[in-house]
Every structure is written in C-alpha cells, then in structure tokens.
Amino acid sequence: MKTLVLISRLLLGLLFSVFGLNGFLHFIPAPMPTGIAGQYVGALFVSHYLAAVFALELVAGVLLLANRFVRAALVILAPILVNIVLFHACMAPAGFAPAVIAVALWAVLFSHERAAFAPLWAARGAA
C-alpha cells in the first residue's frame, strides 16, 4: 500500500505541476476545443479565471511532489478535479479517461489520509 500511495502522490504531483506550469508557459500545444467547450474555455481564459486555476494546480502539484502539506494539496485539488470531470462529462467527452485517472490517483491519496478528514463527517448533536 505504501508503494501505491507513493506512486499516486508522485504521479498526481507531476501531472498537476506540469499542467499548472503549462498554463503559464504553454510548452504543450493544445488546440482550442470546439463548440460549447470552446466557448466555455474561452470565457475562462479571457476572464483570467484560468490563471488562478493554473496557479492552484501548480501549488498543489509542488506540495505533493515535495511531500509537504499533502492534505492541503488534496483539499485544493478536490474542486479542480470535480470541474475537470464535469467539463469532460458534459462538454468534451474525448478527454474523460485522463480525468478519471486523476480522480483515481486522488482517491488513493485521500483514502490514505482519510483519518485526517474524519471530523468532517461527524454529526453535531442538538444543542
């Protein structure tokens, strides 16, 4: 299990570090999506919303690679992964497989750190 967690952490960290950096440096060329997906990405790009997303991806990826604040990186990546999955499920199904792989890697790490998140599931008693 330790090896699986290590590999998942490194792959997820590498994935988000590379794509976070690519958002700023554009070293991996990618065509603009067509249709509604293109309009959506275009709006996110023009509004500079994607700059914040790429910065968060980069920070979370570096934290995972450095093995520092892994829980914080998981919290940062959770909503980003939800948006990636929903984008591909609803607008661009061609890239759905990498999104599922990223979620699987995240889930492995989350399951390893689940004890730290246990208080989130504790119901409060009536006061």
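Let me start with a term: two residues are in contact when they have heavy atoms within 4.5 Å of each other. Hi everyone, with that settled we can look at the protein above.

This is a predicted model, so local features need a pLDDT of at least 70 and side-chain atom pairs count only at pLDDT 80 or more, while totals for chains, interfaces and linings use all residues. Residues are numbered from 1 along each chain as its sequence is written, and side-chain values use heavy atoms, with hydrogens and water left out.

First, the overall picture. The protein has six helices and zero strands, where helices (H or I, at least four residues) and strands (E, at least two) are DSSP runs numbered from the N terminus. Along the principal axes, the C-alpha atoms fill a box of roughly 50 × 40 × 25 Å. Of the 127 residues, 31% count as buried, meaning under 20% relative accessible area with a 1.4 Å probe, protein chains only. The accessible surface, from the Shrake-Rupley method with a 1.4 Å probe, comes to about 8300 Å², and 74% of that belongs to carbon and sulfur atoms. Among contacts with a separation of 6 or more, 69% are accounted for by residues 24 or more positions apart.

Now to helix H3, residues 49-66. Its 18 residues reach 26 Å from first C-alpha to last, close to the 26 Å expected at 1.5 Å a residue; that expected span is 1.5 Å times one less than the number of residues. So which residues of H3 are buried? They are Leu50, Val53, Glu57, Ala60, Gly61, Leu63 and Leu64. They lie on the same side of H3, because they cover an arc of only 160 degrees around the axis, taken from the directions from the helix axis to the C-beta atoms. As a reminder, an α-helix has 3.6 residues a turn, so residues three or four places apart point the same way. The cover over the buried residues of H3 includes helix H1 (2-25), helix H2 (35-46), helix H4 (70-90) and helix H5 (96-112). After H3 comes asparagine 67, with a positive phi near 60 degrees.

On to H5. Its buried residues are Ala99, Ala102, Leu105, Trp106, Val108 and Leu109, and their cover includes H1, H3 and H4.

Is serine 8 buried or exposed? Serine 8 counts as buried, because its relative accessibility is 1%. Leaving aside neighbours within four places in sequence, serine 8 is in contact with Leu105, Val108 and Leu109.

Methods: Buried < 20%, exposed > 50% of the residue type's maximum accessible area, 1.4 Å probe, protein only.
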